[in-house]
Amino acid sequence: MKFEKMLKGGLAAVMAMSLVACSGSSDSSAPAADTSTGSDTTETTVAAAGAFKLGGSGPLTGGASVYGQAVKNAAELAVEEINAKGGVQFEFVMEDDEHDTEKAVNAYAALKDWGMQVSLLTVTSAPGAAVAPLYKEDSTFALTPSGSSLAIIYADLINLADPYGNVFQMCFTDPNQGVASADYLSTHTNLGSKVAIIYKNDDNYSTGIYEKFVNEAADKGLEVVYAGTFAGEDNDFNVQLSQAQANGADILFLPIYYQPASTILKQAKDMDYAPTFFGVDGMDGILAMEGFDTSLAEGVYLLTPFSADASDDLTKNFVSNYQNNYGDTPNQFAADAYDCVYAIAQALEASGATADMSAAEINDLLVEQFTSMTFNGLTGTDVTWNTNGEVSKAPKAVIIENGVYVGVED
Amino acid sequence: MAFLSYLINGLSLGSVYAIIALGYTMVYGIAKMLNFAHGDIMMVGAFVAFFALNSFGLPVVVSVILSMLATTCLGVVIERLAYKPLRQASSLSVLITAIGVSYFLQNGAQLLWSSSTKVFPSIIASGSLRLFGGALSISYLTLVTITACIAVMVCLTLFINKTKTGMAMRACSEDKGAATLMGINVNRIISITFAIGSGIAALAAVLLCATYPTLSPTLGSMPGIKAFTAAVFGGIGSIPGAFLGGLMLGVIEILAKAYVSTQLSDAIVFAVLIIVLLIKPTGLLGKKLSEKV
């Protein structure tokens, strides 16, 4: 029975491979992004005398490097501007964590050795959740630009209790994106009234937004007519799209990352289904995909706290400085990072902290400031934080027109 | 009508599985090894076609031929370097080597082309054929995919049954020792098998990417596993079996998604595989071989 033996061997190998494929997919569910930015430097020091040591880590190389690079660039830009003004001075170091929890912990250790006093935590969620308890333990203040998971600010995720208290977020938490999306759709009924949702059921980010959205939608009178799922690297959405269409959905809510979303847009077009596509911040990046036909994304709405085409002076200055320095249009990660540095500077200024204080002393002062102050930045006005570290600000909707984001006027 | 359109979707997905499965099944039939790098050879084919189309702006037909040539060479080179030295080794060693080659190709692709997702350009006019007064629409892409699958299947069957090389392949698959005694160069036949299987993989890659346009270095792993399942389902080693297995797998997957649950579709597909193997351990069209003592 040689044949059967080989077959068994083969099946065992398939199982092994599919396990590998699964673990691989959890990796790739993290926003894969352009690595061609290619800078190998893992740290940059902006030196200044008597300056606060500001640290942080993010994926500067690897699949999610587009986010890490954006945060690093924008934070450096903000540090330069703030240092030039006089007043609070910063010295800034960004370590590479490759969107890997273990490397993020190592990066944290390296930053502490360097003498970090204030931190931008991490760029991505999973590494952030791994280092947040360390920040709590060492009483070092952290404000993450883009780590949106609740696991970053709560030690007890199941009951949403026991917040770290000194880890703050500049971006919305995942569930809050669901709330904000339901809010937006229920107040803009011109987009449609019957909502279909396609979400990725093996991804926390996606299911978190989905669950909150469905809860909120029921309260706000939005009708959810269909919810379909996919997992791993599935890329056939014909069934989900046909059923959304059959159920008469005129809005398709996509709380997913841009890679599967690009396939959904194409398959919907192939079957002549044209609802209003509505995405959240994971959709940001779709226009930058190599080879993507941007006409597919025409008319796609996404909720994002920042759009580079906004006409206020703050945004205009930021965008033009960023373009001059890095030759690229900043995305919302860059904007969040820029706001983070300014918010920290504002809080330091107001608290009267000095650069010779210990990280723990600065931590106490900043926590007090952040829970009481109001901040105006690129990603929102009248931004406030609660004692758990969650941010409160109004999301902005943008629509994709002719291949660029255009802010939607209410 | 909805059922019919799901069925056609399933056939289209199944066609792609079937073309990939042909590569698995041919290599198994002749070399008696499971080439787990097959899905990754397909991925390389997809990238070659992508760069030919996108960066060099070559016409579709030229790009497809170029990509088929590239994977054909790759298949032969892999066979020569990684598998040939292990011809006398146990099947488990060859299997592990194949998994190693698979990882080598994936990581090599990541190094060369980065892990960022690329979007495959559209190569077939979007739009659809409308039947029954518009109640049923079949996209041109689906028609092309199914036609291509049937064409590959017919050509391959003719090749195996009507040509001298085809006859030599059948002889090798039945008894390598006897084939050698009859003057057949078994090593050359195995190389040809790898060449054909890998060439077809490039075609499958283009069809796959035309339907599901995102391109990444791990592109080949899931379709590869599904196609392997299809090959086992139909009876590994049997060419019509791979065809039948591929189509059935695609149809079951889509119907399970449509009528049972999008979350359970893969579980259902593999449950059907298990049931088929319990009832017929050699797969639907597999030949029963008795162990020679």
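Chain A of this predicted model is divided into domain 1 (52-172 + 313-394) and domain 2 (175-304); the bounds come from an automatic or database domain assignment. The centres of the two domains, taken over C-alpha atoms, are 29 Å apart. Six residues of domain 1 and nine residues of domain 2 form the contact, where two residues are in contact if their C-beta atoms, placed from the backbone, lie within 7 Å. On the domain 1 side, three of these residues are nonpolar, three are polar and none is charged. Here Ala, Val, Leu, Ile, Met, Phe, Trp, Tyr, Cys and Pro count as nonpolar, Asp, Glu, Lys and Arg as charged, and the others, Gly among them, as polar.

Residues are numbered from 1 along each chain as its sequence is written, and chains are lettered from A and ligands numbered from 1 in the order in which they are written. Local features need pLDDT of at least 70 and side-chain atom pairs count only at pLDDT 80 or more, whereas totals for chains, interfaces and linings use all residues.

Chain A has eleven helices and 17 strands. These are DSSP runs numbered from the N terminus (helices: H or I, at least four residues; strands: E, at least two). Of its 410 residues, 54% are buried. A buried residue has 20 or more other C-beta atoms within 10 Å of its own, an exposed one 12 or fewer, and a partly exposed one a count in between, with C-beta atoms placed from the backbone. Among contacts in chain A with a separation of 6 or more, 72% join residues 24 or more positions apart.

The largest nonpolar core holds 214 residues. Such a core is a set of buried Ala, Val, Leu, Ile, Met, Phe, Trp, Tyr and Cys residues joined through C-beta atoms within 7 Å. Ala74(A), Ala204(B) and Ala205(B) touch the most other members. Helix α1 (residues 2-31) of chain B gives the most to this core, with 17 residues. Both domains of chain A contribute residues, so the core lies between them. Ala205(B) touches residues including Met42(B), Met43(B) and Ala46(B), not counting residues up to four places away in sequence.

Helix α2 (residues 38-54) of chain B has 15 of its 17 residues buried.

Most residues other than glycine have a negative phi. Glu98(A) has a positive phi of about 50°. Glu98(A) is found in the loop between β2 (90-96) and α3 (101-114) of chain A, and counts as buried because it has 21 C-beta neighbours inside 10 Å. Asp272(A) has a positive phi of about 55°. Asp272(A) lies between α8 (258-270) and β11 (276-279) of chain A, and its 14 C-beta neighbours inside 10 Å make it partly exposed.
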